[in-house]
Amino acid sequence: MTNRRDFIRKAPVVAAVAATPALAVKATEDRKRHKPEKEIHYPGGGEPPENPLFSPVVSYGDLVFISGIGAHFEGDITAHTEHVLNEVEKYLEAAGSSMDRVLKVNVYLNSLDDYDGMNAVFLGRFGPEPGVRTTIAAQAGIPGDSLVEIDCVAVR
């Protein structure tokens with residue numbers, strides 16, 4: 001009788017140990033089956049160029065990465081910032097995200113003199129709980145004579 005009682009007492013532990021390898025195999029199979037893939041998005045459904053230098057929008061699972069967007073026209077910092085933020089919003093929405101789902105923003109200014117003007121337009125554009133942000137002035141300027149360039153990472 002002692003052996004049977006010992007077995008009954010130990011049975012849950014034995015069953016758990018025996019099931020552990022099976023659970024580990026199933027978890028590994030689930031990860032392999034649901035592994036995210038890199039997707040390239042072209043806003044407006046555009047076709048990729050023949051030999052692209054970079055992708056404008058890349059998603060990986062629920063993460064969305066927006067490349068740096070500048071404003072390449074005559075204008076002041078408020079016009080450039082407004083244009084860039086509108087483009088960021090359009091790119092995010094094309095990839096299934098939105099401004100209030102942005103986790104990280106990088107802002108590159110042509111001059112720190114434009115910091116206050118950029119902030120005036122930037123304020124509130126990423127919702128009541130904006131993501132983290134880094135802002136720098138690019139010493140050598142921003143390509144294409146833009147006064148501001150912005151990139152970000154968001155979640156869908």
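This is a predicted model: local features need pLDDT of at least 70, side-chain atom pairs count only at pLDDT 80 or more; totals for chains, interfaces and linings use all residues.
I will go through three of them, starting with Glu39 and Arg156.

The side chains of Glu39 and Arg156 form a salt bridge, with 3.7 Å from N to O. Glu39 sits in strand β1, residues 38–41, while Arg156 belongs to the segment after β6, which covers 148–155; the pair therefore ties together parts that are 117 residues apart in sequence. As for accessibility, Glu39 is partly exposed at 39%, and Arg156 is partly exposed at 26%.

Next, Arg125. Which side chains does Arg125 meet in salt bridges? One is Glu82, at 3.3 Å from N to O. Glu82 is in helix α2, residues 77–94, and Arg125 is in the loop between α3 (115–122) and β5 (132–137), so this pair ties together parts 43 residues apart in sequence. Another is Glu89, with a distance of 3.3 Å, N to O. Here too the pair links distant parts of the chain: Glu89 is in helix α2, Arg125 in the loop between α3 and β5, and they are 36 residues apart. Through shared partners, the salt bridges join Glu82, Glu89 and Arg125 into one network.

Is Arg125 buried or exposed? Its relative accessibility is 19%, and the cut-off for buried is under 20%, so Arg125 counts as buried. Its two partners are described otherwise: Glu82 is partly exposed, with a relative accessible area of 36%, and Glu89 is partly exposed at 28%.

To recap, Glu39 pairs with Arg156, and Arg125 is in a network with Glu82 and Glu89.

Conventions: Residues are numbered from 1 along each chain as its sequence is written. Side-chain values use heavy atoms; hydrogens and water are left out. A salt bridge is a side-chain nitrogen of Lys or Arg within 4 Å of a carboxyl oxygen of Asp or Glu. Helices (H or I, at least four residues) and strands (E, at least two) are DSSP runs, numbered from the N terminus. Buried means under 20% relative accessible area, exposed over 50%, partly exposed in between (1.4 Å probe, protein chains only).
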